[in-house]
Amino acid sequence: MSRILVVEDEAHLAQGLRFNLEAEGYSAEVVGDGETATDRLLGRKENFDAIVLDIMLPGKDGFSVVAELRAARNYVPVLMLTARGRPEDVLKGFASGADDYLPKPFDLSILLARLQGLLRRTTWMRGVGEAEKQGQQAAMPTGDARNVDDFGTFSFAGKTIDFGALELRTNGTVIHLTVMESELLRHLVRNDGRVVSRKQILEQVWGLHEDTDTRAIDNFVVRLRRYIEDDPAEPRHLLTVRGVGYRFLANPEKA
Ligand code: CA
């Protein structure tokens, strides 16, 4: 049974969520503030399979909670609840390390679907780890509309991006990617050599409206450059195309 932590201070909403999650067969617990959430996850090292995390919380907000978890190398899947019409929250959430988001007010069925998506991904990743130990191939998740190559790997310049495991491996170091970072990298890699516009990234990769503040994407790119460039100040693989967007080059020498 998957164990879910709901971090939400609106008691009515939190209890409704708990009730419905339990009705769906999950084990669900509710905490009303960020401090308690980080205490249970990091202080007491409790294990949860996923977190439903509201942004607006008394004291420590949802952004700080997820940032603290990631800083402490806790990669529990986080579904963040944002206020509708605030795409900057979504991007800030991704930048903090959230895996997915849902604008409030939301349909319960959508929340459950998103949660299942996150859990399925985690289960599949665990399956890969187990299978690798035994030298077998992991079974693909069933009922998933994603393409097979969504779960593949891509290697360039001594680095390997593992989209399924959400990892970037380079010289023996492993960098953990959030789902959104992985999605952005995958989109750039698929368009190797081609210019990808900011509008395309917002709409096709993250499902946001094009009127979203695009500076948030730039912050994301700065972070990805730290992961993939030898010198992030002089990028060779992830280039800015002024006024348009970005271009990924696996082999800058051949371009
Ligand atoms: Ca709240």
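Which spacing do the donors of the calcium ion follow along the chain? The pattern is E-D-x44-D-x1-M. Please bear in mind throughout that this is a predicted model.

**First stop: the calcium ion**

Select the calcium ion together with its protein donors, Glu8 (OE), Asp9 (OD), Asp54 (OD) and Met56 (O). These donors lie 2.1 to 3.1 Å from the ion. Next, keep Asp9 and Asp54 highlighted. Asp9 belongs to the loop between β1 (3-7) and α1 (11-23), while Asp54 belongs to strand β3 (residues 50-54), so the pair ties together parts that are 45 residues apart in sequence.

Now display the surface around these two residues. Is Asp54 buried or exposed? Asp54 is buried, because its relative accessible area is 3%, under the 20% cut-off. Asp9, by contrast, has a relative accessibility of 35% and therefore counts as partly exposed.

**Second stop: helices α6 and α7**

Select residues 179-190, which form helix α6, and residues 198-205, which form helix α7. The axes of α6 and α7 come within 11 Å and cross at roughly 125°, which means that α6 is oblique to α7. The crossing of α6 past α7 is right-handed.

To view the contact itself, show the side chains of Met180, Glu183, Leu184 and His187 on α6, and of Gln200, Ile201, Gln204 and Val205 on α7. Sorted by class, the residues in this contact of α6 with α7 are four nonpolar, three polar and one charged.

How values were computed. Residues numbered from 1 in each chain as written. Predicted model: local features only at pLDDT ≥ 70, side-chain atom pairs only at ≥ 80, totals over all residues. Heavy atoms only, no water. Axes fitted to C-alpha atoms, helices over the stretch in contact; angles between N-to-C directions. Helix = DSSP H or I, 4+ residues; strand = E, 2+ residues; numbered from the N terminus. Parallel < 35°, antiparallel > 145°, perpendicular 65-115°, else oblique. Left-handed = near helix turned anticlockwise from the far one by under 90°. Contact = heavy atoms within 4.5 Å. Nonpolar A, V, L, I, M, F, W, Y, C, P; charged D, E, K, R; others polar. Donors = N, O, S within 2.8 Å, 3.2 Å for Na, K, Ca; no water. Buried < 20%, exposed > 50% of the residue type's maximum accessible area, 1.4 Å probe, protein only.
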